[in-house]
Amino acid sequence: MSHWEVMVGNKAVAYAAKLARVQYIPAFPITPQTTIVQYLADMIANGDLDAEYVTVEGELTAQASALGASMAGVRAFTATSGPGLLYMHHPMHAVSGARLPIVMAVIHRSVKGMQPDHMDMMAQRDTSWLMMECENSQELLDTGVMAFKIAEDERVRLPAIFSGDGYILSYTAEPVEIPGQEEVDAFLPPYRSQVPMLPELAKECREYAIAQWGVGEDPQLRWRRQQEAMDAAKTVISEVNEEFEERFGRGYGNGLVEEYGCEGAEAVIVAMGTIASTARTAIDNLHGRGKKVGLVKLKTFKPFPAEEFRRIGGEVGAIGVIDRNISCGSGGIVFGEVRSSLYEMNGRPRTLEFYAGLCGKEVRVSDIERIAEKTMRAASGERVTPLVEWV
Amino acid sequence: MSKPIPLAKLGDEEFIDPANQACQGCAGSIVARIVSKVLRDRWVRQEVACCGPALSNIWAPSVYAEIFEGAGAMMTGKSRAYKAMGRDDVIVAGIIGDGGTVDIGFQGLSAAAERNENFLWIVYDNEAYMNTGGQRSSATTAHASTTTTPIGALSRGKREPRKNVPLMVAMHGVPYVATASVAFPEDLIGKLEYAKDVKGFRFIHISSPCPTGWRFDPRYTIKVARGMVQSGLWPLYEVIDGETIRLTYKPRELRPVREVLKMQGRFRHITDDEVDEIQRRVTAFWERLIAKDGGPLF
Amino acid sequence: MIEVRFHGRGGQGAVTGVRVLATALYFEGKFTQAIPMYGTERRGAPVVSFLRVGDRRINERDLVHEPDMVVVLDPLLGRTVPVTEGLKEGGLVLINHPRSGREAGLGGNFKVSTVDATDIALETLGRPITNTAILGAFAKVTGMVSLGSLEKAVLKQWPGRIGEMNVRAVRRAYKEATEPVNVSDREGVKVRPPGLFERDVSSWRVFRPEIDEEKCVGCRRCWIFCPELAISMEGEKARINYKHCKGCGICAEECPVGAISFTQEKILEGRE
């Protein structure tokens, strides 16, 4: 049976891990995720969760030990933020290379301070991990549970991050519905390692290891397979989201994007996470003033749902992308991905870039209204400058 | 306490294929054969970057993951998983090089020892990063010539004496720490037999001379290893629970280090003063070991 | 532009040798590109390197697939590595081999020149590092580089006594290299590439141990110390499986009763 509780986002994350019956938790503190691993310690200490909990000496070991555990045969979970995520960059590649479906919560923290932005996760975007962003604590809990099912699907078998903005979600309390354990058990089957890492499987392991080395194969094949798994993940994400909605009554668009107020829109803005949440109010206000502008919340950043943007791009005159990140020397990362997805279209929409919320700078309803209005002017054919704006 | 096992008592069953891709005369290959003979079909193996992947003739399951610094972490994850799965029959062990143990792997080593994780960490120590061509590690003997501590007008090989990792690990209070040598197989096998079924963190550090990196003819691998032990450059001892230390090889007199160093091309340049410096250090350490033998570690 | 492929085993100096040759060619005003193929750097394991030589800067960065010439630093390597694959018609093979070009186990539309580089290296250097001897032969049979430039390059790489020993190797090989001979009517030895976990390392040997069973006391020291598990106990006697023996010499060195001899392997056609 589900029940409601007013809780902070970090606790919702802990509940996701608990409901998923994770078996191995390497724990290391870093603001603003620390309380996640503390909640888990309490749950284990009180007998509410049966898992091996290891206070590791750093995030690199957290990820590398999760690799060992997942390979050996148990469901592994960890949580981190900002610099901790960067510190584990090396083993993150090893985990995805080994096709292990580890799930990790990332509570966003800037790499230039403690406040939130998406630089931490974006710095890891090439590690072949799924990346799913959340706008509120309920979504954190739900996405955490879904992440295990998606990652462990035979068609995917890639590790997954589910994430949310630090402080804004991690420490803010709001009502969250916690599904019942039996309902989650019916949704999420137990984990099975695909690696024959047991003494009695020595022969199978040797064959497996040879295949892992890609001996005698085109060396590019290993990357190609990971890319194909990423592509397959789009379908799996939508399927799992649909099933989750049927069982638990909560849906998040098609799992890849969620459109808000886009019917008949002439322009849309794109945002991730809590900025998308605030944007809903901005869109409501603008609708109240008769403006035809909608919000596309990007929920899955990896794999990037380019098809969704081609579809949406065909219906609007302009897209304003809000990036809570920047790749210095190039530009906003979501902006680049959106543009790229639109390139082959005839009559593609205008695209505008907005940097907002980096280093935790506050993003207000009024800021988003201005972003949306500027995007609408671009949609109407007006020459708007600058195309790139720091909000 | 471990007990040496006579060679005649060992069976003929092997758990490793003959011949691998390692250099001629590789002590690491001898270590791999001896470890697999003792651990048989009861273990899973951890590998990290080192010459170890050349030891792919070992039968125990192993899948290489590219995390050089992660031996301690990965073995932690594996052993915790088997515990969660109710598989306490599985022995988790790794044959790790000195680099992956004493340098880049040191953090993971210390932390796993501190947590008393349940696995067996075996070091085959060839005193440098041999897989990448022979760069110094903190396990390299002082004054050795390596590719990053070469001999030149301004450089006399590695400046620092070797870091005493076995004693450092023993100070974590773990169930078992031992040093061993390929030249003393009965002693090494006895230590492996003892360690294999102890629960908690076990550490066996094996001196494994490398003909390619230490620059001697491969036929002398065992002779050099024997010299390292007989001169006190690599004393053989074990420490139980971080408390009691016991020498397992106690010659009446140590061989002069000079003879042993001169067997190795990496010391070809060494001066009498440098030899004396090493001799003083070795003699002093040996005397302290003798004084503590059979008693408390400190 | 001329392209050469070098085959050797780790420890024979294939990679360094090619660099020395490139330096020698540079002294003669040529542009060169010396490319090693790195695997795990093991003594004994097959290695390949490439050399391109031209009159101006060389832009190609891919590998050499159709060499004009092949140089083989090890007499038995051709049994497990297809050393003449891709060699241009009418090309040249220079191989370290104690016999003549027509008895080196190679056959096809090319010429073969030999030099007993192992013997030369053992005599001048005391170790079977065959690269400089091969380079001396290379200078002689190709005429691409003068002996003088080669010696200068050798001394640059190895100053002092070591350099002088290597120069002697170069000079002796220069004298002793055999004239290239046609082998288009000969059949080359069948190449058996190693399997994934190939256990046959017999061709790594330069020296060969032999156990005198009369003297063997069954102490098992050779058995435990053999890194390749090439030695098994038949009752109380130790026996060597030569397929698995790399010829490291540990057994000969460690036998407490001197029951194991260690002598240079003879290169014969058809030995196991």
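This is a predicted model: local features need pLDDT of at least 70, side-chain atom pairs count only at pLDDT 80 or more; totals for chains, interfaces and linings use all residues.
**Entry 1. Contacts and overall form of chain B**

For secondary structure, I listed ten helices and nine strands in chain B. The radius of gyration of chain B is 18 Å, close to the 19 Å that the globule rule gives for 298 residues, so I recorded chain B as being as compact as a globular protein of that length. Taken along the principal axes, the box filled by the C-alpha atoms of chain B is roughly 60 × 40 × 40 Å.

**Entry 2. The sheet of chain B**

I traced an open sheet of seven strands in chain B, in the order S1-S2-S3-S7-S6-S8-S9, and noted that its pairing is mixed. S1 and strand S9 (244-247) of chain B are the edge strands, each pairing on one side only. Opposite B:Tyr176 I found B:Ile240 in S8(B).

**Entry 3. The contact of chain B with chain A**

I next turned to the side of chain B that touches chain A. Here 33 residues of chain B are in contact with 35 residues of chain A. Strand S1 (43-46), helix H2 (71-84) and helix H4 (106-114) of chain B each supply at least two residues of this side. H2(B) gives the most, with twelve residues. By residue class, I recorded 18 nonpolar, seven polar and eight charged residues on the side of chain B that touches chain A.

**Entry 4. Helix H4 of chain B**

I then asked which residues of H4(B) are buried. They include B:Gly108, B:Leu109, B:Ala111, B:Ala112 and B:Ala113. The buried residues of H4(B) pack against helix H3 (59-72) of chain A, and also against H2, helix H3 (99-103), strand S3 (120-125) and helix H5 (165-170) of chain B. After H4(B) comes B:Asn116, for which I noted a positive phi, near 50°.

**Entry 5. B:Ser137**

I located B:Ser137 in the loop between S3 and strand S4 (151-152) of chain B. Is B:Ser137 buried or exposed? I counted 25 C-beta neighbours inside 10 Å, and a residue is buried with 20 or more, so B:Ser137 counts as buried. Leaving aside its neighbours within four places in sequence, I found B:Ser137 in contact with B:Asp98, B:Gly99, B:Val102, B:Asp103, B:Glu127, B:Ala128 and B:Tyr129. I also looked up B:Thr148, eleven residues from B:Ser137 along the chain, and recorded a separation of 9.5 Å between their C-alpha atoms.

**Entry 6. The domains of chain C**

Lastly I consulted the domain assignment of chain C, which gives domain 1 (2-182) and domain 2 (202-264). The C-alpha centres of domain 1 and domain 2 of chain C lie 33 Å apart. Eight residues of domain 1 of chain C are in contact with four residues of domain 2 of chain C.

Definitions and conventions. Residues are numbered from 1 along each chain as its sequence is written. Chains are lettered from A and ligands numbered from 1 in the order in which they are written. Domain bounds come from an automatic or database domain assignment. Two residues are in contact if their C-beta atoms, placed from the backbone, lie within 7 Å. Helices (H or I, at least four residues) and strands (E, at least two) are DSSP runs, numbered from the N terminus. The radius of gyration is taken over C-alpha atoms; the globule rule is 2.2 Å times the number of residues to the power 0.38. Ala, Val, Leu, Ile, Met, Phe, Trp, Tyr, Cys and Pro count as nonpolar, Asp, Glu, Lys and Arg as charged, and the others, Gly among them, as polar. A residue is buried if 20 or more other C-beta atoms lie within 10 Å of its own, exposed if 12 or fewer, and partly exposed in between; C-beta atoms are placed from the backbone. Two strands pair if DSSP finds at least two bridges between them.
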